[in-house]
Amino acid sequence: MIIGIGASAGGLEAIEEFLSHVPALCGAAFVVIQHLDPTHKGLLPELLGRITPMKVAQATEGMQIKPNCVYVIPPNKDLSIQHGKLHLLEPTASRGLRLPIDFFFTSLAKAQPGQAIGLVLSGMGSDGTLGLTAIKENGGFAGVQTPESAKFDAMPRSAIDAGLADFVAPPDKLWVQIANRLNHDHPAKVDIDSPDDMPVKTQNALDDIILLLREHTGNDFLLYKKSTIYRRIERRMALHQFDTIAKYAGYLRENSQELDLLFKELLIGVTHFFRDTGVWETLKSQAIPALLAEYPVGKELRAWVPACSTGEEAYSLAILFKEVLEQSALQQRFKLQIFATDLDQDAIEQARRGFYSSAIAADVTPERLARFFDTEDNGYRISKEIREMVVFATQNIIMDPPFTKLDLLSCRNLLIYFGPELQKKLIPLFHYSLVKQGILLLGNAETINHFSTLFATIDSQSRLYRRLEQSPSSADIDFPTKYISVTAMTQPEPQTSKSPVNLQALVDQLLLQHFAPAAVVVNKDGDILYINGRTGKYLEPAAGKANWNIHAMTRDGLRHELVSALNKAQRQAEAVFLPGLTVGTNGSTQTINLTVQAINDPEPLRGMLIVVFADVTTPVTRKRSRKPADAEQQALLMELQQAKEGLQVMREEKQTSQEELKSANEELQSTNEELQSTNEELTTSKEEMQSLNEELQTVNAELQIKVTDLSSVNNDMNNLLNSMEIATVFLDNTLNIRRFTSHATRLFKLIISDVGRPLTDIVSDLNYPQLHQDAQDVLRTLVFVEKQINTYDERWYKVRIMPYRTQDNVIDGVVITLIDITETKQLEDQLRSVSR
């Protein structure tokens, strides 16, 4: 198990607090990624080595990772991991916006799928968020320091707000959370892609969980890959420390909140701007230009991005389309409307806001950031022109009707989560949704399988396909269906204190009052709730599983028009009337008028729509009277003339207004360009200052620890010198006083302010006039001098003068030590007297 630790400003204390609670034989390896000053020597290994019993080393190229060790990123390097070895890379920029934590976490996620753990601690900015996303995508775990315990909470909050944190705790509690996962016994691995080989109990528990999810959320995961669902369930089991899936299924029955969390776990969408750059380059250089060439006079194109997550891919497509139009000067002839959908309502809301953290600078070029984004605090907001190209909506691709008449459909990295049966249903549905020569874009690990008759390959490596004009029959297309209860069909909203509603009586009354032909009542999703009259000429049941959705039952000639009419009727109060439609009916055709009306009254039917089919008989040609109607004609001509004059006045006023608006727009454009230029400069300066501030924070923390160490050493030295009762004087190269001990004041009249003065200026009790000359000789010859010198009051001292050597072996003055030998001299005199 390899644990990546990412920190920035204020992170040193958090790292020390975390590692101090990790046992020496924990069985895991730790890689510390800290924002460091590129010009400053790193002190982190030395500092961390003092608080952990594990071996701490600075990472070097090709270093093999071993358990129970801590590895620290060196300054001015990016770090990656491959095959259990660390690799150093030169950063793209030594200063400014750098994301070393994201870089390493992404590398760790790929190198240790399902085994990686990423921790984000104190720091400014959002570095680490994208890296944790990659770790989660590959089945790893993400831990975050509580923002309250962090000196700088921007990085932890960014990861938490992105919904990536599996556990949030103070640094001293994070290891407990990790240890629970390391020590948790997972259930035995089974071949979950082969249900027949799966243990019966496991299969039954998995089916129970899928059923619970369907009942609780309305979304069916039955046809998803069992491996995908099981892996996500295992993560939740590990968090709650269940050893069998059956126990977890029982826990789900009693905890609806856990069902919501599991549902969110299954919906985790990993996406980036311009993910897989090679695919986007192919789309830009080949597919989109070829699509535009199909319509020489121009067109408003339609695109659909299912499973759009937080919107990055949809916005990437809009930006790319804008760039192609600008390069080919076709802005006036083409427009693109993108429909982006996802099952996750929270992700859709985030996509609608169009705001992203500063970490997207790793995926979006500076030119695109300046052109298509507006800089805001700690991030970027998508520009208005790109935002208006995309419509976001919540949709379940396997249960809701698809978008139609599409020119481009981008469904990347979604089919890989579905089983083969569901994939076989969706590919024909995509073919049905696309227009002639429409483009289908799939993910790198996805293909059209056996549907080569429906699509031609544009670029196999990029998974780009073009729709072939060989339409499958309606029976070959399995249109999405929803599970609808009888209660939901008859009572859209719960009624209180009212008598039961007779749906048939109300519908019959409405039809008798307003319509006589055959008609059906549907809900907003197209599910048929009531049928009146004989509708067999217009609708027919689809082959296969019973499907009472009007989109699946509509005959040829009505399908596209009905989709458009239903959508339009929901947006307006008036009825939508489509005359003269030709419908295929059992080998012949029938001309009908189609009417679609949203129902607002009576109350129980509100929100439903009524679809009316009226046969059109062959019109009878009649001879018209050719008598002139001069008076009527004259009145019409007069009205026409008045209308022309009014129109002319309006045109002139409009032209004047347009000129004024154009002038104002040019001024605003000029001001906007100046402000944009200033904003870009300020953004660059801000990023550089933020990076520099983070580096200074780290350096300051390291130096603070050094100052504390030096203070401690200084205290030790002072106590040592004073305890030995040896008078010591330190002189510099010019023989000025650098430092002295308290015992030296008994021989020299020294005070604190004498530091920096020549020793010869100080009055001494020593009878040693050659002291200054001897010190100069020692400084010149580097040979120490030792003499016994008396004082004027008959005390004796052994004086030793030695060179002052620095740690780098440089002579930087002399040291004079004076040892009191008065008692020794007195004993010598006594012995000498006795011997006489």
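This is a predicted model: local features need pLDDT of at least 70, side-chain atom pairs count only at pLDDT 80 or more; totals for chains, interfaces and linings use all residues.

Q: Okay, which strands does helix H16 lie across?
A: Helix H16, residues 420-433, lies across E10, E16, E17, E18 and E19. Its direction runs at about 135° to E17.

Q: And what's the strand order in that open sheet?
A: The order is E15-E11-E10-E16-E17-E19-E18, so seven strands with mixed pairing.

Q: Which ones are the edge strands?
A: E15 (390-394) and E18 (455-459), each of which pairs on one side only.

Q: What's the average twist?
A: From one strand to the next, the twist averages 20°.

Q: Which strands does H11 touch when it packs on the sheet?
A: H11 touches E10 (299-305), E11 (334-342), E16 (406-411), E17, E18 and E19. The direction of H11 makes about 180° with that of E17.

Q: What stands opposite Leu441?
A: That's Leu464, in E19.

Q: Now helix against helix. At what angle do H11 and H12 pack?
A: About 60°, with the axes 10 Å apart. H11 covers residues 277-293 and H12 covers residues 312-328.

Q: Why call that oblique?
A: Roughly perpendicular starts at 65 degrees and roughly parallel means under 35, so H11 and H12 count as oblique to each other.

Q: Is the crossing left-handed or right-handed?
A: H11 passes H12 in a right-handed crossing.

Q: Which residues make the contact?
A: On H11 they are Trp280, Leu283, Lys284, Ile288, Pro289 and Leu292. H12 brings in a list including Leu317, Leu320, Phe321 and Val324, along with Glu313 and Gln327.

Q: How many of the residues in that contact are nonpolar, polar or charged?
A: Ten are nonpolar, two polar and three charged.

Q: Changing topic: where does Asn219 lie?
A: Asn219 is in the loop between H7 (200-217) and H8 (226-240).

Q: Buried or exposed?
A: Asn219 is buried: its relative accessible area is 9%, and the cut-off for buried is under 20%.

Q: What is it in contact with, leaving aside neighbours within four places in sequence?
A: Asn219 is in contact with Leu213, Arg214, Phe263, Leu343, Asn396 and Met399.

Q: How far apart are Asn219 and Met399?
A: In sequence they are 180 residues apart, but in space 8.0 Å, C-alpha to C-alpha.

Technical notes
Residues are numbered from 1 along each chain as its sequence is written. Side-chain values use heavy atoms; hydrogens and water are left out. Axes are lines fitted to C-alpha atoms, for helices over the stretch in contact, and angles run from 0 to 180 degrees between N-to-C directions. Helices (H or I, at least four residues) and strands (E, at least two) are DSSP runs, numbered from the N terminus. Angles under 35 degrees count as roughly parallel, over 145 as roughly antiparallel, 65 to 115 as roughly perpendicular and the rest as oblique. A crossing is left-handed if the near helix is turned anticlockwise from the far one by less than a right angle, and right-handed if clockwise. Contact means heavy atoms within 4.5 Å. Ala, Val, Leu, Ile, Met, Phe, Trp, Tyr, Cys and Pro count as nonpolar, Asp, Glu, Lys and Arg as charged, and the others, Gly among them, as polar. Two strands pair if DSSP finds at least two bridges between them. Buried means under 20% relative accessible area, exposed over 50%, partly exposed in between (1.4 Å probe, protein chains only).
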